[in-house]
Amino acid sequence: MSSVFLKLIFTYFAMIFIIILFIFIIIIYTSETNLLPNNSGYIWPVPGFTYISSYFGYRDSPTAGASSYHSGIDIPATEGSDVLSICNGIVTFASWGAGGGYTLVIENNDVSVSYCHLSPIFIVYKNDEIQAGQVISHIGPKNVYGIENNPYRDSYGLPTNGATTGCHLHLTIKKDGKAVNPLEYLSIPN
Ligand SMILES: [Zn+2]
């Protein structure tokens with residue numbers, strides 16, 4: 001009689017132990033994947049366009065005003081294509097950004113992501129809360145009009161959407177204020 005009772009008690013505690021262990025494993029697993037910079041939680045910003053015309057780092061400056069140190073990557077895409085937020089965050093800048101042309105900056109803790117040469121028609125605004133994968137803008141035109149004293153010009157002398165030679169997304173990722181290679185965070189889709 002008492003051994004049956006002990007078995008029941010043992011089974012009862014064993015089951016509780018297994019359930020607690022299971023919960024711990026889930027908590028540890030999810031928190032670790034959130035901390036990994038290279039995990040698939042970052043979303044490719046321009047669906048359907050995977051060619052990178054200019055990588056992060058030093059390069060020959062392609063046009064006046066474009067840096068020879070390239071702070072991000074350039075992804076050429078058709079004007080009007082969707083631009084997705086690569087991560088969750090808050091919009092901290094949504095305006096004309098000189099060499100970046102029409103620019104959005106979305107920040108998430110110590111990571112700040114800039115999207116440049118966007119459409120002049122903004123669909124998200126400063127202080128908006130953004131989800132990873134949300135459409136935040138569209139690939140902008142090469143030429144833009146209506147910016148006073150826009151110093152950026154193409155070979156015809158027409159004003160351009162920042163320092164750009166054609167429609168593309170320039171993406172900069174800063175970690176603790178320092179530009180890092182975006183490909184440490186993003187993987188190019190197949
Ligand atoms: Zn660029």
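Colleague: In which loop is H117 found?

Modeller: This is a predicted model, and in it H117 is found in the loop between β7 and β8 (129-130). Its phi is near 65°, a positive value in a residue other than glycine.

Colleague: Is H117 buried or exposed?

Modeller: One counts the neighbouring C-beta atoms; a residue with 20 or more others within 10 Å is termed buried, and one with 12 or fewer is termed exposed. H117 is buried because 29 other C-beta atoms lie within 10 Å.

Colleague: What does the count say of D176?

Modeller: D176 has 9 other C-beta atoms within 10 Å, and it is therefore exposed. D176 lies in the loop between β10 (168-175) and β11 (178-180). It also has a positive phi, of about 50°, although it is not a glycine.

Colleague: Let us turn to the strands. Which strand pairs with β5?

Modeller: The general idea is that side chains in a regular strand alternate between the two faces of the sheet. Here, strand β5 (residues 89-96) pairs with β6 in the antiparallel sense, over 6 bridges.

Colleague: How many bridges join β6 and β7?

Modeller: β6 and strand β7 (residues 111-116) pair over 5 bridges, again in the antiparallel sense. The bridge partner of N108 is V111 in β7. This hairpin has 2 residues between its strands, and N109 in the turn has a positive phi of about 55°.

Colleague: How many residues of β6 are buried?

Modeller: Strand β6 (residues 102-108) is mostly covered, with 5 of its 7 residues buried.

Colleague: What does the largest nonpolar core contain?

Modeller: That core has 25 residues, and V83, L104, V113, Y115, L169 and L171 have the most contacts inside it. At least two residues of the core come from each of β3 (73-76), β6, β7 and β10. The strand that gives the most is β6, with 4 residues. As for L171, leaving aside residues up to four places away in sequence, it touches P45, G72, I73, I75, V113, Y115 and P182.

Colleague: Where does pLDDT stay under 50?

Modeller: That stretch is residues 32-39, for which the model has 5 contacts beyond four places in sequence. The chain averages a pLDDT of 89, and 89% of the residues score at least 70.

Notes
Residues are numbered from 1 along each chain as its sequence is written. This is a predicted model: local features need pLDDT of at least 70, side-chain atom pairs count only at pLDDT 80 or more; totals for chains, interfaces and linings use all residues. Two strands pair if DSSP finds at least two bridges between them. pLDDT is the predictor's confidence in each residue, from 0 to 100. Two residues are in contact if their C-beta atoms, placed from the backbone, lie within 7 Å. A nonpolar core is a set of buried Ala, Val, Leu, Ile, Met, Phe, Trp, Tyr and Cys residues joined through C-beta atoms within 7 Å.
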